[in-house]
Structures are given as C-alpha cells and as structure tokens.
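Dear colleague,

My notes on helix packing and strand pairing follow.

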There are 2 protein chains.
Amino acid sequence: MSETMQRVALAERPIGAPGDHNFRLETIEIPALCDDDVLVEIEYMSLDPYMRGRMDDAKSYASPVPIGGTMEGGAVGRVIASNSSKFAIGDFAFGQLGWASHGCVPARELRKLDPDLMPITTALGVLGMPGFTGWYGLKEHGRPKNGETLVVAAATGPVGSMVGQIAKTHGLHVVGIAGGIKKCALAVEKFGFDHCLDHKAYEDSRSMKTALQELCPNGIDIYFENVAGKTLDAILPLMNTGARIPICGMISWYNAGALGANAGGETDKLPKMWRSILVKKMSVNGFIISDHWDRYSDFLSDVAPMLSAGQIAYKEDIVVGLKNAPKAFMGLLEGHNFGKLIVKIK
Amino acid sequence: MSETMQRVALAERPIGAPGDHNFRLETIEIPALCDDDVLVEIEYMSLDPYMRGRMDDAKSYASPVPIGGTMEGGAVGRVIASNSSKFAIGDFAFGQLGWASHGCVPARELRKLDPDLMPITTALGVLGMPGFTGWYGLKEHGRPKNGETLVVAAATGPVGSMVGQIAKTHGLHVVGIAGGIKKCALAVEKFGFDHCLDHKAYEDSRSMKTALQELCPNGIDIYFENVAGKTLDAILPLMNTGARIPICGMISWYNAGALGANAGGETDKLPKMWRSILVKKMSVNGFIISDHWDRYSDFLSDVAPMLSAGQIAYKEDIVVGLKNAPKAFMGLLEGHNFGKLIVKIK
C-alpha cells in the first residue's frame with residue numbers, strides 16, 4: 001500500500017472565475033486510521049458547480065473550504081484498510097472524500113456500493129446527489145401536473161437531465177436549454193426532451209424569450225432553476241399564474257462571487273421579479289439537497305428500477321487524472337462538460 | 001329616491017404618483033335595475049393600495065379600470081331598491097360597488113351584513129379583505145411557529161395590524177415597521193407588537209437593518225411583505241434559514257408603474273435575493289386574496305369572536321365626502337393614513 005497520497009488543496013480564494021493559481025496539487029502522507037475509520041482508494045471523484053461556493057469565504061449553508069484544505073467533493077472507490085466492522089477490504093463505497101487519491105473517514109460517513117447492480121460512477125451522478133437534487137426539487141417544490149410545461153437549463157447535466165426525464169414521466173411538455181447544438185441533440189434524442197434551445201444562439205434574454213415562447217405556447221408552469229442569469233430574465237415573462245420555481249443553484253452567477261453583487265445588469269430587476277411573484281401568485285423555494293437525505297431511499301426506489309430498465313438515461317463525461325481536476329472544474333463553470341463531469345483518479 | 005348618483009371615474013392613467021387630474025367626479029343617472037339587481041346607497045367605501053395597480057394598463061391578476069370607468073373598490077351601504085328576493089329595502093350589504101354614492105349589482109355579488117353584530121365599516125377592514133389578507137397569508141404561507149420572529153411593515157394598517165396580532169396569538173416575537181412615532185406607539189400599545197421601528201428615522205436600508213437587528217436578536221423567520229423597497233433591502237440580510245416571505249403587496253413600488261422598472265437602485269439586487277432564497281432555503285409565495293374566498297368563513301369563525309371579545313383591535317381613519325376620495329387615496333400611497341382608510345360618502 002502506498003504511504004503517500006495526492007490531493008488538490010485550495011491555494012487561494014478566487015476573485016471571479018477560478019484559475020490554476022487557486023489550486024495546488026500536493027503529495028501528503030496518508031493519515032493514520034482512528035477507531036472506526038476506513039481508508040478508501042478513490043477511483044472516481046465528482047465535480048459539481050456547488051464547489052465554486054465552497055471556495056468563497058462567505059456565509060452559506062455550508063462552511064467554506066479553508067485555505068490549504070482539501071477541495072471538497074463526493075467520490076467513490078475501494079476500501080484498502082478498515083478499522084470498522086462494517087467495511088471489509090475490497091468493498092466499494094461512496095463518501096465526501098474530497099479531491100484526492102485517497103480518503104480516510106469514519107465508517108458512518110460512507111455508503112457501501114454494489115458494483116454488480118450499477119456502475120459505481122452512477123453514485124456520483126444519476127443515482128447520486130445531482131440526480132437526487134433534480135428528482136426531489138421537481139417532486140417536492142415543482143409539483144408537476146400532467147399537461148403542464150417545464151423548462152430546465154443545463155439540460156444535459158445530471159440535474160437537468162433528471163428533471164426533464166422525471167417531468168416526462170409525469171406527462172409534462174418539457175423544454176430544455178443547453179449550450180450548443182450537440183447538447184441540444186442529446187437532450188432531445190437521449191433524454192426525451194420535447195425541445196431544447198441552444199442558448200448560445202441568442203445574444204440577449206429578449207431574443208431568447210421570443211424563441212422560448214414558440215417552444216412553450218402555453219407558457220411555463222415550472223422553471224427548475226439551476227443557472228439564473230440571462231435564462232431567468234428570458235423565462236420570467238413567460239411564467240404562468242401559479243407557477244413554481246424550485247431553486248437548486250444559479251451557476252451563471254457563481255463566478256460573480258459570494259454576494260452576486262457584480263452579476264451584471266444595469267437596472268434593478270428585483271422589483272420586476274417581486275411583482276411577478278405577487279401577480280402570478282408564484283411559489284419560489286430554495287432548497288439544499290443535503291437537508292433531505294431522509295428521502296434518498298425513496299429516490300432510489302423510484303429511479304433505480306427505471307434506470308435498470310433503460311427508462312432513465314444518463315451521460316457521463318470522464319476526465320482522467322487528479323491533476324486535471326482544476327481545469328475540468330473551471331470548464332464546468334463555463335459549461336464545457338458534456339454530461340455529468342467525473343474525474344477518474346488514475 | 002334620488003335619480004342621479006355621484007361617482008369618481010378614472011380620467012387618465014397616472015405616470016408615477018397619481019394626482020387630481022387622474023380622477024373625475026361625475027354626476028350620472030342611476031342605472032335601471034335588471035332582474036336580480038340590487039341598488040345600494042353607499043355609506044362607506046374602502047381605499048386600498050391595490051387600487052393603484054388597477055389604474056395602470058398592465059397585465060395583472062385583475063383587469064385595469066377602463067378610462068372613464070368608475071374606480072373600483074369595496075363599499076358598504078343600505079339597500080334602497082331590490083329586484084332580488086334575497087335583499088329587502090333597508091338591508092345592509094357589502095360589495096365591490098366602486099367609488100360612488102350608489103352601486104347597482106346582481107344580488108349574488110353582495111354579502112348581507114348585520115349591523116347589530118359589528119359596525120358595518122369592519123367589513124371593509126378588520127373583518128374584510130385587508131384583515132382576511134393578513135390572516136390568510138400568515139397562516140397559509142407564513143406558517144408561524146411559537147418562538148419565531150415576524151416582521152411586518154405598514155404595521156398599523158389593516159393588513160399589518162392583523163398579521164401582528166395573529167402572530168402574537170401564535171407566540172411569536174413580533175416587530176412592526178411604521179412611519180412616524182405616533183404609528184409606532186399605536187402598534188405597540190393598541191396592537192400589542194413587541195417593538196415598532198419608525199422607518200422615517202432611517203435614511204437608508206443599512207441603518208434600518210442595524211436597528212432591526214437589535215429588535216430581532218434571533219433573526220427573522222417570517223417577513224410578511226406588503227411594502228418592499230427599502231424595507232425589503234434592510235430585512236433580507238436578517239432572514240433566517242428556512243424563512244418564509246408571503247407577498248401580498250409592495251406599496252413602495254406601486255407608483256413606479258406597472259413594471260417597476262424605475263423602482264430605484266443602481267445595482268442589480270435580484271442576484272442577491274435569489275442567492276438568499278437558495279442558501280437560506282426560503283419559501284417565497286405570492287398570493288392574491290380574491291382566490292381564497294372559500295376560506296373567508298374560516299377567517300370569520302376565527303377572528304370575529306376575538307374581535308367581539310376585544311382580543312383583536314382595529315383602527316379606522318375616516319375621511320368624509322366622496323369628492324375627497326382621490327386626495328385621501330394619494331395620501332394612502334404615501335402612508336398619510338392612520339389606520340384603515342375609509343371614505344364616508346356624505
């Protein structure tokens with residue numbers, strides 16, 4: 001067993017978009033195992049937009065990564081040492097193990113995976129936090145009804161593709177938004193969206209709105225919010241009375257920093273939004289999926305059989321090498337990934 | 001019986017704050033009664049902030065008043081002619097009779113009042129649409145819990161004073177906001193608010209926030225939104241995780257016109273609000289009370305006994321003369337009223 005491990009540490013906090021200088025690849029000693037600790041050799045780690053928030057020193061729903069600390073993230077791998085009766089060497093497990101080659105955590109923080117049931121990477125995407133986010137937010141706050149219209153952006157990502165596919169099972173008219181023709185084709189052909197709008201084809205929110213209006217002739221009943229920015233501006237005027245907006249993220253504003261103060265726009269859009277919420281009697285709900293793990297087994301019971309039966313599709317974008325994680329993450333914030341972004345450690 | 005009646009018509013649509021030229025006092029013939037129609041001689045009419053919205057030619061939850069049409073509004077009075085078996089001459093009734101001396105509507109649009117039970121003016125305020133708005137919005141969307149903190153502005157108005165008093169019955173720490181020392185004293189002494197902040201004492205939202213923070217040492221769990229503007233800015237940073245914002249109005253922005261486009265602010269506040277909704281997992285719900293008349297009897301069952309028992313207080317501000325309605329309404333939008341604003345027709 002190797003005595004050292006690699007990890008990516010937060011070197012300094014980014015201002016705006018993160019760059020190479022914000023990350024540092026380090027070789028450190030593998031920590032000694034305490035009682036109940038399990039050491040996992042990571043095979044795959046997840047890259048997700050929420051990690052941008054952890055790089056800021058701002059009050060949020062979770063603590064920031066400290067300077068010099070390991071970048072946070074979910075990962076899957078194989079147990080190579082265990083002080084717990086619950087995990088044997090060779091077991092596969094998922095945990096918040098960080099951007100690293102190895103992770104050492106108490107057994108209670110790990111979830112065992114059966115690689116014969118599903119590929120272990122699915123625990124990072126379609127059957128993991130992102131898929132669960134899409135499923136929970138849609139069911140709980142979207143309250144989908146047959147015949148309604150739903151719009152979701154980042155449609156080929158692991159959240160958007162889950163939202164769209166679950167919405168289709170509820171009989172909704174589902175319109176995706178994605179960056180580029182290739183992603184739009186994937187949304188329609190693989191994920192079964194009725195339409196997908198290429199946001200790169202529209203210079204401003206006004207022209208995007210006009211295009212969306214054609215694809216949503218009955219207006220929009222659910223906007224599943226994960227991007228904000230221009231998309232939100234385009235969608236707002238099309239929302240129907242009684243519409244719902246579950247908010248799980250706002251990736252287009254993340255690089256604007258903790259307060260979103262520089263997120264653009266010369267006029268004050270809040271009054272317009274506030275008025276829409278009132279006159280359209282909308283329901284806007286922020287949620288953080290980590291509050292809802294008690295519903296995770298419901299999610300698995302619902303989605304895993306559909307996945308096995310081929311009724312739910314997924315797409316992974318796998319980058320090889322821990323050292324390439326920072327660059328892949330920077331690309332994720334710009335939408336360069338094509339499906340759920342995963343780093344294969346070696 | 002007089003053959004003519006007076007009414008206030010919308011002369012032209014206002015740009016910004018309405019002025020005298022937007023209204024026209026007219027004498028017209030009393031319309032002939034159709035089958036089932038009832039003619040009411042109005043004694044009191046209601047003035048409410050929502051009427052500002054009806055003056056704009058904008059898509060909203062209700063149609064605008066047409067140019068030359070009678071200004072809309074609830075009113076109470078005595079039946080002086082009836083083609084309906086349900087109303088006899090001398091009965092008291094409430095209906096959307098408009099800014100006028102008489103109203104002629106089908107019997108189904110009227111609600112009979114018993115003047116021996118409650119003064120008929122209460123049907124315009126504490127037991128009418130405004131009181132019902134406060135009660136419903138707080139119960140349904142505020143979801144008050146013992147020990148939580150609630151803030152409501154326009155605290156001595158008929159909505160705010162209901163919200164505060166009902167919140168106290170649920171064991172909340174209740175902080176009002178009102179304009180001026182006199183109103184603040186009323187909020188605390190008559191309506192039982194724990195504190196009331198005089199917003200006129202604060203130049204900007206930052207200093208208001210600091211003052212509110214002292215009055216809300218445990219943060220804010222429910223902000224009942226009826227004013228927006230500077231108050232919203234001050235409150236947002238103090239909202240707790242899991243907070244609720246029922247929105248029934250935004251009076252400080254009404255004069256900015258239909259789209260709120262000129263509502264002030266040089267930076268874009270929407271990203272900040274959107275982020276707060278997400279990271280604080282807030283629930284923001286717009287509602288229009290006219291959708292919920294099916295709950296009105298629940299409201300009366302709950303509140304009327306408390307009113308009779310003196311456990312719920314109310315304050316009316318009565319202006320005399322239909323011709324004074326426009327000026328009183330302009331004052332309402334500036335907060336010049338002191339309690340529920342009512343016009344005694346003559």
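**Helix packing**

In chain A, helix 2 and helix 9 (residues 296-308) pack at an angle of about 95°, with their axes 10 Å apart. Helices (H or I, at least four residues) and strands (E, at least two) are DSSP runs, numbered from the N terminus. Axes are lines fitted to C-alpha atoms, for helices over the stretch in contact, and angles run from 0 to 180 degrees between N-to-C directions. Helix 2 of chain A and helix 9 of chain A are therefore roughly perpendicular to each other (angles under 35 degrees count as roughly parallel, over 145 as roughly antiparallel, 65 to 115 as roughly perpendicular and the rest as oblique).

Please note that this is a predicted model, in which local features need pLDDT of at least 70 and side-chain atom pairs count only at pLDDT 80 or more, while totals for chains, interfaces and linings use all residues. Residues are numbered from 1 along each chain as its sequence is written, and chains are lettered from A and ligands numbered from 1 in the order in which they are written.

On the side of helix 2 of chain A, this contact involves Gly131(A), Phe132(A), Trp135(A) and Tyr136(A), which meet Tyr296(A), Phe299(A) and Val303(A) in helix 9 of chain A. Two residues are in contact if their C-beta atoms, placed from the backbone, lie within 7 Å. By class, the contact of helix 2 of chain A with helix 9 of chain A has 6 nonpolar residues, 1 polar and no charged (Ala, Val, Leu, Ile, Met, Phe, Trp, Tyr, Cys and Pro count as nonpolar, Asp, Glu, Lys and Arg as charged, and the others, Gly among them, as polar).

Helix 2 (residues 129-142) of chain A also packs with helix 3 (residues 158-169) of chain A, at about 40° and with the axes 7 Å apart. That angle makes helix 2 of chain A oblique to helix 3 of chain A. The crossing of these two helices of chain A is right-handed (a crossing is left-handed if the near helix is turned anticlockwise from the far one by less than a right angle, and right-handed if clockwise). Pro130(A), Gly131(A), Thr133(A), Gly134(A), Trp135(A) and Leu138(A) of helix 2 of chain A meet Pro158(A), Val159(A), Gly160(A), Met162(A), Val163(A), Ile166(A) and Ala167(A) of helix 3 of chain A. This contact of helix 2 with helix 3 in chain A comprises 9 nonpolar, 4 polar and no charged residues.

In chain B, the axes of helix 2 (residues 129-142) and helix 3 (residues 158-169) come within 7 Å and cross at roughly 40°. That makes helix 2 of chain B oblique to helix 3 of chain B, and their crossing is right-handed. The residues of this contact in chain B divide into 9 nonpolar, 4 polar and no charged.

**Strands and crossovers**

An open sheet of 12 strands, with mixed pairing, has the order 10(A)-9(A)-8(A)-11(A)-12(A)-13(A)-13(B)-12(B)-11(B)-8(B)-9(B)-10(B). Two strands pair if DSSP finds at least two bridges between them. The edge strands, each pairing on one side only, are strand 10 (195-198) of chain A and strand 10 (195-198) of chain B. Neighbouring strands of this sheet are turned by 15° against each other on average, direction ignored.

Strand 9 (residues 173-178) of chain A pairs with strand 10 of chain A in the parallel sense over 4 bridges, and Val175(A) has His195(A) as its bridge partner. Together with helix 4 (residues 181-189) of chain A, these strands make a right-handed β-α-β unit (a crossover is right-handed if, with the strands pointing away from the viewer, the path from the first strand over the helix to the second runs clockwise).

Strand 11 (residues 220-224) and strand 12 (residues 239-247) of chain A are parallel, with 2 bridges; Ile222(A) is partnered by Arg244(A). In chain B, strand 11 (residues 220-224) and strand 12 (residues 239-247) likewise pair in the parallel sense over 2 bridges, with Ile222(B) opposite Arg244(B). The chain B crossover between them runs through helix 6 (residues 229-235) and is right-handed.

With kind regards
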